[in-house]
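Open the model in your viewer and keep the selection tool ready. We will go stop by stop.

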Amino acid sequence: MVGPSSRGALACALVCDHKLSAPAGALAKRLTQLWLVDVHIFIERGLKTRAKVTEIQDERITYHYEKLFETTWDILPDHPRFTRAAWGRLFIPEFLPLYDRLLYLDVDIIPGPLNNDFSCIDLPFGLGMVRDAAHLGKKTVTVNRSDPTLSTSQIELSDYFNSGVILFDPSKWNSDWLRAKLKQHSESGMLTSQYPDQDFINTVFDGKISELSANMNFQLPLMGLGLIASGMPSISHYTSALKPFHVLPKRGAPELVCDAAKEFEDMRVEAGLGDFAIVPNHKPKGIFVLKGLMRKFLEDRGISTRKSRELRHQWHERRRTAHRYLDAGIKDGVFLDKFDFVIDTSDISTRFNGFEILPDT
């Protein structure tokens with residue numbers, strides 16, 4: 001099965017259930033216009049819920065239904081947080097084998113200009129990913145081990161990548177080997193970690209993941225640090241619990257997510273879709289909002305609270321860590337793709353809105 005245009009090109013793939021099908025459609029439309037690529041949307045609705053999906057009519061957008069679900073049906077049990085759709089992303093190359101490269105994307109992203117020719121990037125083991133921004137600066141990350149034959153249930157990884165964006169080389173992908181590993185992982189009972197699918201990818205492919213730069217997965221922990229002097233990353237990834245396509249609360253949502261929500265609204269209009277704002281699973285608790293408003297009240301009057309000082313310290317630590325990560329990746333040639341932004345290393349002023357520290361622009 002191939003896309004509607006020529007073989008040998010880059011294609012993008014999105015995976016979601018019926019609830020996120022509208023945001024996925026809006027994103028797909030933007031990708032076809034901005035990157036001029038085929039986009040394949042895999043809708044995984046499970047066995048009990050086959051809700052109707054509004055399809056975006058575009059010659060470069062193709063919908064697939066319950067394809068990935070079937071690949072893991074006899075392997076994985078239901079999980080309260082991660083459906084089989086989350087695991088199914090690993091089997092996308094099985095259904096789109098004739099593209100040179102496939103770029104899997106989470107739905108909670110905003111695309112920018114694409115400045116890479118991925119056909120020139122060699123992926124020896126079939127996949128490339130970006131480091132998980134929440135774990136930058138940590139020497140090791142401890143995750144559950146996927147091999148039940150080993151005595152210890154944990155493993156420490158020196159490299160840990162985010163699974164929200166994955167570049168695949170279908171010609172080097174072995175779905176049968178991966179399915180056997182996933183079955184082993186499931187039978188070991190190791191499905192209880194915070195990010196079970198991401199942990200699985202990092203353990204099974206430990207030492208085999210080709211590293212892409214933050215340009216291809218610029219995650220929320222890197223945003224708001226004033227790192228890039230000018231320009232926009234190819235992929236901005238909103239990894240918080242509140243997403244740009246959610247019904248956002250009046251107070252307590254990250255400002256950057258609120259800004260991205262406006263961009264998602266533009267994408268919705270471009271795609272000709274009706275309102276698709278989705279109620280989030282978690283909203284900021286009232287006490288959290290109340291404390292934030294009180295801190296802002298004091299901050300506006302020149303009174304610095306202990307919380308604001310702690311957050312500022314953490315913000316500067318994250319910025320220094322991010323600088324070291326980006327500088328090393330560029331100077332040492334670690335990144336396989338282009339990262340041609342100018343990194344801003346100057347001191348910048350910040351502001352505190354009661355909830356988070358942001359550059360004072």
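**Stop 1: Ser 175**

Select helix α5, residues 175–187; Ser 175 is found there. This is a predicted model, so treat every value on the tour as computed from it.

Is Ser 175 buried or exposed? Its relative accessibility is 10%. Buried means under 20%, so Ser 175 counts as buried.

Now show what surrounds Ser 175. Leave aside the neighbours within four places in sequence. Ser 175 is then in contact with Phe 91 and Glu 94. Show the side chains of Ser 175 and Glu 94: they make a polar contact at 3.2 Å.

**Stop 2: the aromatic rings**

Pick Trp 173 and Phe 205. Their ring centres are 5.5 Å apart and their planes are at 15°, so this pair is stacked. Stacked requires planes under 30 degrees apart.

Where do these two sit in the chain? Trp 173 is in the loop between β9 (161–168) and α5. Phe 205 is in the loop between α6 (196–204) and β10 (210–212). They are 32 residues apart, and the pair links distant parts of the chain.

Trp 173 has 13% and counts as buried. Phe 205 has 5% and counts as buried.

**Stop 3: an edge-to-face pair**

Move to Phe 264 and Phe 276. Their ring centres are 6.2 Å apart, with planes at 85°, so the pair is edge-to-face. The cut-off here is over 60 degrees.

Phe 264 lies in helix α7 (residues 255–271), and Phe 276 in the loop between α7 and α8 (286–300). The pair therefore ties together parts that are 12 residues apart in sequence. Phe 264 and Phe 276 are both buried.

**Stop 4: a ring cluster**

Select Phe 168, Trp 173, Trp 177 and Phe 205 together. Ring pairs link these four into a cluster.

**Stop 5: colour by confidence**

Colour the chain by pLDDT. The mean for the protein chain is 88, and 89% of its residues reach 70 or more. Which strand has the highest confidence? Strand β11 (residues 218–219) does, at 98. Confidence is lowest in helix α3 (residues 84–88), at a mean of 74.

Finish at residues 1–7. The pLDDT there is below 50. Beyond near neighbours in sequence, this stretch has 21 contacts in the model.

How values were computed:
Residues numbered from 1 in each chain as written. Predicted model: local features only at pLDDT ≥ 70, side-chain atom pairs only at ≥ 80, totals over all residues. Heavy atoms only, no water. pLDDT = per-residue confidence, 0-100. Helix = DSSP H or I, 4+ residues; strand = E, 2+ residues; numbered from the N terminus. Contact = heavy atoms within 4.5 Å. Buried < 20%, exposed > 50% of the residue type's maximum accessible area, 1.4 Å probe, protein only. Polar contact = N/O pair within 3.5 Å; in protein donor to acceptor, adjacent residues only side chain to side chain. Phe/Tyr/Trp six-rings, centres within 6.5 Å; stacked < 30°, edge-to-face > 60°.
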